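This report is meant for someone meeting the structure for the first time. Please keep the sequence and the 3D view open while reading.

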Amino acid sequence: MAKAFVIDVARCSGCFNCQLACKDEHAGNDWAPYAAAQPEIGQFWLKLQENVQGTIPKVKIHYIAKLCNHCEKASCIGACPNDAIYRRKDGLIIINPDKCTGCRACISACPYNAIYFNEQKQLAQKCTGCAHLLDNGYSTPRCVEACPTDAMVFGEEEDLADLIEGAAVMSPETGLHPRVYYRNIPLKFIAGTVYDPVEKEVVIGASCRLNSGGKRWHTVTDEYGDFWFEDLPVGLYDLVISHDGFEPAVFNSLKTGAAINLGDIPLRKKE
Amino acid sequence: MSKKFPPDKQNIISFSLMGPESGGPCLVDSNDGEITRIRPYFYDEEVRETCNPWEINARGKTFRAPNRVTITPFGLGYKSRVYSPNRVKYPLKRVDWDPKGERNPQNRGKSKYVRISWDEAAQIVADELVRIKETYGPEAVLCQADMHGEGKNVSPSHGCPNRLLSLMGGYTLQMRNMDSWEGWFWGAKHVWGCEPVGEMAPQANLFPDIAKHADLLLFWGCDPETTPLGVVSHLPSRLCYWLSEIGLKSVYVCPDLNYGAAVHADKWIPILPNTDVALQLAIAYIWITEDSYDKEYIASHAYGFEKFKDYVLGVEDGVPKSPEWASEKCGVAEWTIKALARDWAKKTASILHGNGGPYIRGPYSTEPARLEIMLLGMRGLGKPGVHQAKMIEWNLWNKDYPVPFQGEFVPKMPHICDALRPVDGDVDPGINMKRFVLSPDQEKRAPELKELFRQHPAPQQFIPRTLIHKAILEGHAEWYGLQCFSSSQQPDKNNYRKPTSEYQFEKIVYPREGLSKLHMMWTDAPCQVTCWNHGNLMMEAMQHPDIECIVAQHPWLENDCYFADIIFPVATKHELNDLGNDMSSGAFTSIYLEEPCCEPVGESVSDFDVCARVAEKLGREYYDAYTGNLTEEERVRFFYAATGCEDYMSWEEFRKKKIYVIPCKTNTEELPAGLLGFYKDPENNPLQTPTGLLEFTSTAIEKHMPDDPERGPIPKWIEAGESHDERLSSKRAEKYPLLCMSNHGRWRMHAQCDDIVWNREVETMKIRAKDGYQYEPVWLHTSEAAKRGISHGDIVKVFNERGIVLCGAYVTERLVPHTCYVDHGARLDPIITGKLDRGGCINSITPTSQTSKKASGMAVSGFLVEIERVTDEEMDGWKRDYPEAFARKIDEAAGVCLAGWLMGEDEEVM
C-alpha cells in the first residue's frame, strides 16, 4: 500500500490554493518529528508552475503542481548518511528534523528539486504529505483539500488505478517510481488564423494537413478561421493549408521546440 | 510537535471581503491562543441529505453543488493578514500634528506616528468633533464610511462613525459612486431600466437556462477566475469547466488573456482597452447590412431603433461603422470582427460578466454598456439562452438566484450601520433604508435591539466619492445625479425616492446653501488613493489647510491612513464575536456563529467599539445611545433572534452546532429565466424605461440632455471630449503612447490583502526586483518591452502628467500591444507624496474627470501612460533626494509595515 497523488492538469485553474494551503499548514507551524516549521517565505514544498505557451492571440496556459514525488525507490533515503529520511508504512517519505544534520546530500540526490534547505535551522525540508494530519484523523493533505476544482486527488495508489492509467510522471527515466501522477499535460501546439486578404474575411472550413516524419494530422478551420493542432510532440512539422478556389499555403520544417502561432495567414484566391 | 490535535478551538469564520454580508465560511483552528490553520468549511452527510443540495441538469449531464465551500486565496491566507506586520497595534498620532498648536497639514503622507493611549486618542477625537461642530456646524465633518471591508455584522467594518455622527447632529456623507457598475448605471439603465444598477435584472434561473439553450458564451471583459474571489468563491470556475464540458463555446473579448481566458477560452479576441464601442458598432453594422438581426423582436420590443441604425450606417455623420472603420480603432482584425458578428448571429449567445470591470469603468463607459444591451436586443434579449449573466454577487438584489442555491428561507439579518445611507428625506423603503431599520417582525423577535436601531436624523449634505478631492481643493463641486445607490433624489408625495433613472439629470451643488464646507474627515475605508480616481490629487486635498483633523480607523496602516492625524486600531473578524451570513458562496446559504480565534492584536478593538470609546468621551448619554447598552455577545444573541432563524434552530442548538445550513429552495428551474416575461409579452411585462421598451434612443436623455456630446440619446464612439482625451489617437499619446488597463487583482480584493505574504510570492502578485523590493507587476507585451529596452523583472516607471508609479516589468504575450496592465489596490509607498510612488498604487495617476461630464462615475482604466526602465542613476538620485522615504522599514515578506511609519523609539515596542 502506498499513497499517491493524481493531478488533472486540464482541471487546474491556476488559483494557487494548493501552494497557499501548504504554506498555511507549514509556515511557522512546527510539526516535528514530521517536519520543523517552514520559513515564512522562500520554500515551496508544493510549487505551482505556470506555463505560458504561444504568442498573442494564440496563447494557452497550464499549471503544474510540483511536490515531493514520495518515490517508491526514493533516492534521498539512501543518500542520507544519518538515516534521517524514511518511508512510512503508507509510503510517504519523511525527513526527520531531529535526525537531519543539514549535510544536504538528499538535496543533491533528489532529481525533482523537491527538497529545500532551511539556512536558519540547518535542515533539509520538504512535503510530508501532511502525514501529521493523516495520523490525526484528516483524510487528505491540505493542498488536495483546498483544490476548488477537484484537480488533485490523493489516496491509495491501488485505488487510483483508473486515474493513473495513461497518466504521466515527471522524469520517468529516473526509474524511481514517483507517486505524483499527472493527467492531461498538454504538449506543444501549432495554430493560426486563415483569411482572405482581398475580401478581408476569415476562411472557414479550410483543410489543414500536418505531417511529421510520416505521421499525419488533419483539421479544418473553424468559424473564426482558426485551426489548432494540439498535443504535438517536439519535432519538425510540415503544414499545408488548402481550400477550394485558393492557392494553398505551405509551411515547412516548423520546429515545435516551443508552441507555434503562425498568426493571420493570408490565403490568395486562384487567378 | 508544538501544536496539538485536536486543536484547542475550531471556529467558523467567513472569508468574504465585501462589507456587510459575510460570505462563505472557513474552519479556523487555534492553539495556545494563536491561529494554526484556515480550511474550507465542509457540508457533512447530514446536511447533504437534509438540505436539498441543488443541481443543474442539461444536455444529459449534471452540475452539482460542491460538498464544501470552495475557499479562495484570501480566505486561505488570512492568518498572514491577522498577524501582518502592517497591523495598527495601538492608537497613533501623527508626530507633528498638535490639536492645540501647529497642525502641519502639509506633512500628511510624509511625517511619522507616535503611540498614544486609548484615553488620549478618544479624548482628542471627541474634543475635535465638538470644536468643529461648534465652529462650523456638523456638516464640516466628512464621514468616509463605505463598503468592501471584512464581512462583519454586529460590529460592522463600515458605518459605525456615521451612527455616532448622526447622534451628534449630522455630518457630510461621502456618497459612494456606482464603482462596480458605472457604465451600466449611467448608461445601460437608459436602454433597459433594470433597476437598481443597470445590470440585467432579474437574474433568476439563468445558468440552468443558459446550460440548456445557449451554445455561445461571450465573456466580455469578464474574468470568472478573478473577480468572484473576494465575494463568491471558486464556484464560477467549476461552472465554467462544466459549461465547456457540455459543449458551450467560450469566447473572451478582452485586452488581456485574463485568468479565466487562460484556462477556459476557446477563442481569445484581444482588443485595445476601452475601444469595445468600435467593435460593438461594427457588429451591429454587419447584422444590419446582412439583415441578420431579429427584426420582428425589434419591431415589437424596441424604441428608436431607426436613429441608431442611421448612426451605425453613417447616415447621420457620413461615417459607416464598418468593420474596416472599427478595426483601426479597436485593434481587432476586420476579418475577425466579421467572423464574431456572423458566429454570434448564428448561435444562441449570452454575455457573461464579473460586473464588467475595466470594460465599464473607463472614460465614457456609458457607451459600451448601452451598446451591449442593444446588441443583445438585436438577438432577442430574454429569449431562452439570450441573457446578460453575472459570475459574481448572485444574491445581490435577486429574490431568486441565477445559480439555484438560494435557501427556502431567507434570514432577516439586521444591518446596524448606514455607511451608504441616503441623504435627508430619502426613505425609499424598497432598496436601501430597509436594511438599516429594524422591521416590525425583527423588532417583535428581538425587542432588545430597539434602542440600538433608534433612527437619528439623516445627513443633510453629501459629496460623491469621485469629487472629494476637488470639493476640498476648490471649495466647490457640482454634479448630476448620484444618490445612494439606487434611490432617487426627488421624493414622491409619500416622500419615497423611487428608483428611477430620471434623477440622473438633477444638478447638485456642494456646499449646500447654509451648510459648512469640510474641515474634518473621519474614514473607516482608507483606500481612496489606491482605488479611486486621481489618487495624487486626493493626497494633495488631504494636505489642504482647510482640513484641520483627519481620523482613520482600520486594522492595517496603509494608503489613506498615512494622511490621518489620529489612527485607531481595529481588530479583524478573527478576533471578534459575530454572526456570519453566507448568501453568496454558492453551495448553500447559511447562518453561522463566529467566535474569536485569538485575542485582539495589540490594543485593537472592533469598529463598533472604536466609536463607542469616542462616544464615552462625549458623555454618558452618547455612549448609551450609541451602544444601546448591548455588549458584542448580546448583539450576536439578539441579531440571531431577529433573523427569524429560531423558528428553525433554537439558540441553544445553534450555539452548539455553530451553523444553521438552510435547505435549498426546490423547483427553481421552473422560474422564468431572466427577462423571459418581457421577451414573451413586452406589453404586460414592460422594462423600467419610460417607454417600457428597449430604448435604442433614450427618451430620458432626449428629454433632459439631448445635446450632451458625451452621453447623447444614442451611444456613440467618442474619440475625445471635454472630460477625457485618453485615446491612442490623442496628441497626448505622443508622450504617453500606452493605454493602461486596470482591473481587480487576482491576489487582492481591491485594497485588501496586499500584505498576504504567501500571495506575494506569486509572480503575478509581486515581482522582487534586484534591489530586493517587491514591486507591483506591470504587464507589457514582449514587443513594447523590446522597444523600450525593458527586460522581465526590471524596475520601471509608469507615468503621465499626473505622476509616476514604480512597478516591476512583467513581460508577456498575455496582453495586446500598445497597452500596459496594472491591478488596482497595491498599497501606497510614497517617495514623493502625491507625485512618485514605489508601491505600485496605479490609481494615484488615474484620470481626474468622472465617467463623463454628466455621468458621475469614475474612469480608472483605459488611460494614457508611458513606461520607461528606471536606471540606477535615477534610482540613486531619488535615494539621495528623498532619504527618509527609502529609510522606512520594509518587511521582507509583507512589504510596507507599521514599523516604517513609527518614530524611531517606538519601533522597539513592536
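This is a predicted model: local features need pLDDT of at least 70, side-chain atom pairs count only at pLDDT 80 or more; totals for chains, interfaces and linings use all residues.

## The eight-stranded sheet of chain B

Chain B contains an open sheet of eight strands with mixed pairing, in the order 7-6-21-20-19-8-9-16. Strand 7 (113–115) and strand 16 (461–464) of chain B stand at the edges and have a single partner strand each, so one side of each is left without a neighbour in the sheet. From one strand to the next, the twist averages 20 degrees.

Strand 8 (residues 141–144) of chain B runs parallel to strand 19 (residues 520–523) of chain B, and four bridges join the two; in strand 19 of chain B, B:T523 is the bridge partner of B:Q144. Strand 8 of chain B also pairs with strand 9 of chain B, again in the parallel sense, over two bridges. In strand 9 (residues 172–175) of chain B, B:T172 and B:Q174 point one way while B:L173 and B:M175 point the other way, and all are buried.

Helix 4 (residues 118–136) of chain B lies across several strands, among them strand 6 (92–94), strand 8 and strand 19 of chain B. Helix 4 of chain B also lies across strand 20 (549–554) and strand 21 (566–569) of chain B, and runs at about 130 degrees to strand 21 of chain B.

## The nonpolar core

The largest nonpolar core has 362 residues, and the members that touch the most other members are A:C18, B:V778, B:L780, B:V798 and B:C820. Helix 10 (residues 276–289) of chain B gives the largest share of this core, ten residues. When residues up to four places away in sequence are not counted, A:C18 touches A:L46, A:L48, A:A65, A:C143, A:A146, A:C147 and A:M152.

In helix 12 (residues 305–313) of chain B, the buried residues are B:F305, B:F308, B:Y311 and B:V312. These residues cover an arc of only 125 degrees around the axis, which puts them on the same side of helix 12 of chain B. Their cover includes helix 10, helix 11 (295–301), strand 13 (302–303) and helix 15 (366–378) of chain B. Just after helix 12 of chain B comes B:G314, which takes a positive phi of about 90 degrees.

## Where the two chains meet

The contact takes 39 residues from chain A and 44 residues from chain B. On the side of chain A that touches chain B, helix 1 (17–26), strand 2 (46–55), strand 3 (58–67), helix 5 (142–146) and strand 11 (201–202) of chain A each supply at least two residues. The largest share of that side, six residues, comes from helix 1 of chain A. Sorted by class, the side of chain A that touches chain B has 17 nonpolar, ten polar and twelve charged residues.

## Backbone details in the loops

Most residues other than glycine have a negative phi, and most peptide bonds are trans. Against that background, a cis peptide bond joins A:A32 and A:P33, with omega about 10 degrees, and A:P33 is found in the loop between helix 1 and strand 2 of chain A. Another cis peptide bond joins B:A201 and B:P202, with omega about 5 degrees; B:P202 lies in the loop between helix 6 (182–192) and helix 7 (206–213) of chain B.

Are A:N113 and B:E393 buried or exposed? A:N113, in the loop between helix 3 (105–109) and strand 6 (116–118) of chain A, has a positive phi near 50 degrees and counts as exposed, with 10 C-beta neighbours inside 10 Å. B:E393, in the loop between strand 15 (388–390) and helix 16 (433–436) of chain B, has a positive phi of about 50 degrees although it is not a glycine, and B:E393 is buried, with 23 other C-beta atoms within 10 Å.

## A buried glycine

B:G230 is found in the loop between strand 10 (216–220) and helix 8 (235–245) of chain B, and is buried, with 25 other C-beta atoms within 10 Å. Leaving aside neighbours within four places in sequence, B:G230 is in contact with B:L17, B:M18, B:F74 and B:M749. The C-alpha atoms of B:G230 and B:G793, which are 563 residues apart along the chain, are separated by 28 Å.

How values were computed
Residues are numbered from 1 along each chain as its sequence is written. Chains are lettered from A and ligands numbered from 1 in the order in which they are written. A nonpolar core is a set of buried Ala, Val, Leu, Ile, Met, Phe, Trp, Tyr and Cys residues joined through C-beta atoms within 7 Å. A residue is buried if 20 or more other C-beta atoms lie within 10 Å of its own, exposed if 12 or fewer, and partly exposed in between; C-beta atoms are placed from the backbone. Two residues are in contact if their C-beta atoms, placed from the backbone, lie within 7 Å. Two strands pair if DSSP finds at least two bridges between them. Axes are lines fitted to C-alpha atoms, for helices over the stretch in contact, and angles run from 0 to 180 degrees between N-to-C directions. The arc is that of the directions from the helix axis to the C-beta atoms. Ala, Val, Leu, Ile, Met, Phe, Trp, Tyr, Cys and Pro count as nonpolar, Asp, Glu, Lys and Arg as charged, and the others, Gly among them, as polar.
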